[in-house]
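Q: I would like to learn how to read the features of a protein model. Could we go through one step by step?
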Amino acid sequence: MNPESLIASAAINIGLAIVILSLFSILKKQPSYAPIYYPRRLSQSQSSQPSQRHRHNIPDFDEAFTVRRFLPSLSWIRRAYRVSEDEILETSGLDALIIIRLFKFGIKFFLVCSLVGLAVLVPVNYCGQGHLIAHQSHLAVSHHSLDLFSISNISPGSNRLWVHCSCLWFISLYGVYLLYKEYNEILSKRIQQLRNIRHQPDQFTVLVREIPFCNDHRSRGCCVDKFFSKHHPYAYHSYQILYDGKEFQELLGQAKSIERKIEDLSKRSMGKKQNENMGKKHNETPLLSNHSHQDAAKLASHEEKLEELHHKIHQLQSENMLKEKELPVAFVTFKSRLGAALVSQSQQHADPLLWITDMAPEPRDVSWRNLVIPYRVLPLCRLGVIVAASLLTIFFAIPVTAVQGIAKFEKLKKWFPPAMALQLIPGLSSIITGYLPSAVLKGFIYIVPFAMLGMAKLAGCISKSKEEIKASNMVFYFLVGNVFFWSLLSGSLLDEIGQSFTHPKDIPGHLATAVSAQADFFVTYILTDGLSGFSLEILQPGLLCWDAIKSCTYGRGKEKTPYLYSLPYYRIIPSVSLSVLIGMVYAVVTPLLLPFLIGYFCLGYVVYINQIEDVYETVYDTCGQYWPYIHHYILIALVLMQITMIGLFGLKSKPAASISTIPLLLLTLMFNEYCKIHFLPTFRLLSIQNAKEFDELDVKCNQMEFNHESASIAYCPPCLRPLNVMESEPSYSPSIVSTSSI
């Protein structure tokens with residue numbers, strides 16, 4: 001990629017970002033767009049008491065037609081930098097805070113790396129002796145615009161490579177230090193958050209699966225009560241058996257559909273009555289009256305059908321019908337957190353496939369549909385998801401290879417001679433090779449997180465949070481495999497694979513060669529993903545178009561409801577982690593990429609502070625269980641950086657530097673094992689010590705009995721909840737029936 005293409009990509013992305021962010025700052029001031037840009041605040045104000053609505057900081061719009069209202073402003077950026085971590089933790093939970101901490105990690109890490117790179121590595125690279133060879137073969141410089149400032153410009157065997165080796169050690173150790181500090185701080189925040197929300201029912205509840213059938217009572221429920229009363233007599237409180245609610249959900253869906261028709265007919269009838277009253281003054285009543293009678297007949301018919309559905313649903317909720325639909329799954333409540341923790345962390349039966357226990361997720365986080373899947377079938381579900389994700393990864397290799405073909409215009413002209421016509425239009429080839437590849441690639445991978453989330457939902461996870469964590473994991477490895485590795489190797493894919501299999505020891509060398517050649521492409525990728533990607537994230541163009549269509553069609557004249565969605569962790573975390581990986585791999589190879597990454601993380605920080613505060617809803621809080629995965633992704637990036645540098649030092653005929661990097665690689669892997677032992681268990685389980693401590697706090701506050709009684713009624717399955725389908729609910733709420741238990 002030549003310098004003109006790189007400049008074209010930067011200019012287009014910066015220009016788009018300025019236009020989009022300016023448009024966002026104007027639209028955010030308009031009251032009509034509040035359901036798009038303030039849905040979280042609006043929903044909180046609707047659900048709270050009038051006396052408490054001031055706490056949610058409802059935006060005060062300027063209704064007057066003033067020039068200031070239609071001018072771009074930076075007030076939302078200033079506000080984002082004023083939001084503290086404690087405010088995010090209090091209002092959105094620790095999971096949302098982890099997103100912000102990830103951006104902060106990127107800023108802190110790459111700021112130091114940029115200082116080292118620009119002050120030390122760039123001058124060393126530029127003054128390297130390799131540029132003399134590049135001048136003799138000018139093609140090397142013309143097609144790789146960053147080569148003069150990268151390690152490629154260092155001549156083989158030069159002692160200058162020891163500077164790169166020293167910087168590699170410094171950057172790696174600094175990254176390890178930051179990772180340890182982050183892990184330790186987030187662990188402390190997790191324990192504090194668990195203490196603050198210790199009233200939640202999941203701390204008293206255990207999910208039990210593979211419950212045997214009691215032949216004497218023809219039920220599984222009595223088996224649960226007998227087993228835990230016998231083996232945990234002092235801690236056991238109660239149980240809630242689960243039922244197959246498929247038929248119930250079908251009937252409930254029909255009832256909800258009829259309810260909507262009744263609401264529409266009622267509103268239409270009221271409007272016609274008003275027109276009828278107006279028509280009486282002009283003697284136009286016969287036609288209007290005829291329509292009113294038709295609507296009344298339809299309304300009566302729908303109400304009769306709804307009443308019939310209510311009757312069928314109540315029959316399904318009867319005790320005799322429910323016994324036939326029992327599942328071998330139950331939520332068991334204990335009188336203390338200590339009792340629940342001991343049961344969830346121990347094997348209950350000699351047969352490990354009976355009485356399988358796990359800590360229950362939050363009631364709002366439970367994935368009810370997956371609890372129907374038999375436990376013994378889950379390995380097959382997971383295997384199917386892995387196969388599907390692998391096939392998707394392989395399939396996407398085709399567009400990634402095509403994108404690399406566009407990026408390499410010189411090769412494209414050889415493969416497709418008509419492409420030479422692009423050179424007839426000044427600047428067009430620079431736009432196509434500089435901006436188009438990264439934009440096309442970003443467009444292709446936009447749908448991947450949603451596809452992976454759909455697959456994760458088929459894996460049988462017990463909670464929505466576990467589904468999103470699994471999806472996040474699959475998306476990250478997809479991006480590493482396709483966007484990083486495949487982009488590196490797609491130019492000479494078959495040769496690389498053949499050489500890698502015949503000479504495995506040369507893999508670091510092949511990787512190093514490919515990394516050096518693709519620096520320009522990844523600069524354009526970071527620019528597109530950061531400037532254009534984050535700008536479109538905050539503008540929400542899809543919702544803007546949908547709102548416009550809705551306002552002009554069936555939603556005309558109706559009151560707008562907030563467009564409220566949950567924070568898409570499965571989309572944010574893998575994408576940002578990939579940028580961290582790209583930055584780390586190129587930190588020593590091409591330091592000029594690092595300032596772009598600082599801008600990437602600063603813009604992402606501001607954008608997601610705004611989205612967390614105003615837009616996205618918190619639908620669950622795992623109290624930081626995303627961080628171990630983020631930590632793992634960053635460690636993979638560190639290891640890849642070190643392996644790449646081992647290969648590069650080998651290519652540069654400096655084997656001593658390669659050997660000196662091996663202890664650093666071993667040290668990083670040992671640090672990973674240390675973190676698994678020291679931090680990871682506390683993120684997976686509630687420790688016995690913490691459980692006992694929280695119990696003692698409840699005893700002092702006389703809250704213990706109230707908390708475990710509340711937990712016993714919190715996990716009421718959907719098929720047992722009382723019907724309330726005639727009450728309209730906000731469109732952003734996923735539930736159909738009321739959450740009270742019977």
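Predicted model: local features only at pLDDT ≥ 70, side-chain atom pairs only at ≥ 80, totals over all residues.

Q: What share of the residues count as buried?
A: The cut-off for buried is under 20% relative accessible area. By that test, 51% of the 742 residues of the protein are buried.

Q: How many helices and strands does the protein have?
A: The count is 32 helices and four strands.

Q: What share of the contacts with a separation of 6 or more comes from residues 24 or more positions apart?
A: That share is 84% in the protein.

Q: Let us take single residues. Where does Ala 711 lie, and what does Ala 711 touch?
A: Ala 711 lies in helix α32, which covers residues 704–712. Leaving out residues up to four places away in sequence, Ala 711 touches Pro 201, Phe 204, Thr 205 and Thr 333. Take Thr 333: 378 residues separate it from Ala 711 in sequence, yet the two C-alpha atoms are 6.6 Å apart.

Q: Why does Ala 711 count as buried?
A: Ala 711 has a relative accessibility of 1%, so it counts as buried. The cut-off is under 20%.

Q: Is Glu 90 buried or exposed?
A: Exposed means over 50% relative accessible area. Glu 90 has 67% relative accessibility, so it counts as exposed. Its place is helix α5, residues 85–92. Glu 90 and Asn 196 are 106 residues apart in sequence, with 9.8 Å between their C-alpha atoms.

Q: Now helix pairs. What describes two packed helices?
A: Two numbers do: the angle between the axes and the distance between the axes. Start with α28 (residues 627–651) and α29 (residues 655–678). Their axes are 8 Å apart, and the packing angle is about 170 degrees.

Q: Why are α28 and α29 called roughly antiparallel?
A: Angles over 145 degrees count as roughly antiparallel. The angle here is about 170 degrees, so α28 and α29 are roughly antiparallel to each other. Their crossing is left-handed.

Q: Which residues make the contact of α28 with α29?
A: From α28, they include His 631, Leu 635, Leu 638 and Val 639. From α29, they include Pro 655, Ala 657, Ser 658 and Thr 661. By class, the contact has 14 nonpolar, seven polar and no charged residues.

Q: At what angle do α4 and α27 cross?
A: Helix α4 (residues 75–82) and helix α27 (residues 594–615) cross at roughly 85 degrees. Their axes come within 9 Å. The range for roughly perpendicular is 65 to 115 degrees, so α4 is roughly perpendicular to α27.

Q: Which residues of α4 and α27 make the contact?
A: On the α4 side, the contact is made by Trp 76, Ile 77, Arg 79, Ala 80 and Tyr 81. On the α27 side, Glu 613 and Asp 614 are among them. The contact divides into eight nonpolar, one polar and three charged residues.

Q: At what angle do α21 and α26 cross, and with which hand?
A: The axes of α21 and helix α26 (residues 569–585) cross at roughly 35 degrees and come within 8 Å. The crossing is right-handed. Among the contact residues are Glu 468, Ala 471 and Ser 472 of α21, with Tyr 569 and Tyr 570 of α26. By class, this contact has 15 nonpolar, three polar and one charged residues.

Q: Where does Cys 623 lie, and what is its phi?
A: Cys 623 lies in the loop between α27 and α28. Its phi is positive, about 60 degrees, although Cys 623 is not a glycine. With a relative accessible area of 2%, Cys 623 is buried.

Technical notes
Residues numbered from 1 in each chain as written. Heavy atoms only, no water. Helix = DSSP H or I, 4+ residues; strand = E, 2+ residues; numbered from the N terminus. Buried < 20%, exposed > 50% of the residue type's maximum accessible area, 1.4 Å probe, protein only. Contact = heavy atoms within 4.5 Å. Axes fitted to C-alpha atoms, helices over the stretch in contact; angles between N-to-C directions. Parallel < 35°, antiparallel > 145°, perpendicular 65-115°, else oblique. Left-handed = near helix turned anticlockwise from the far one by under 90°. Nonpolar A, V, L, I, M, F, W, Y, C, P; charged D, E, K, R; others polar.
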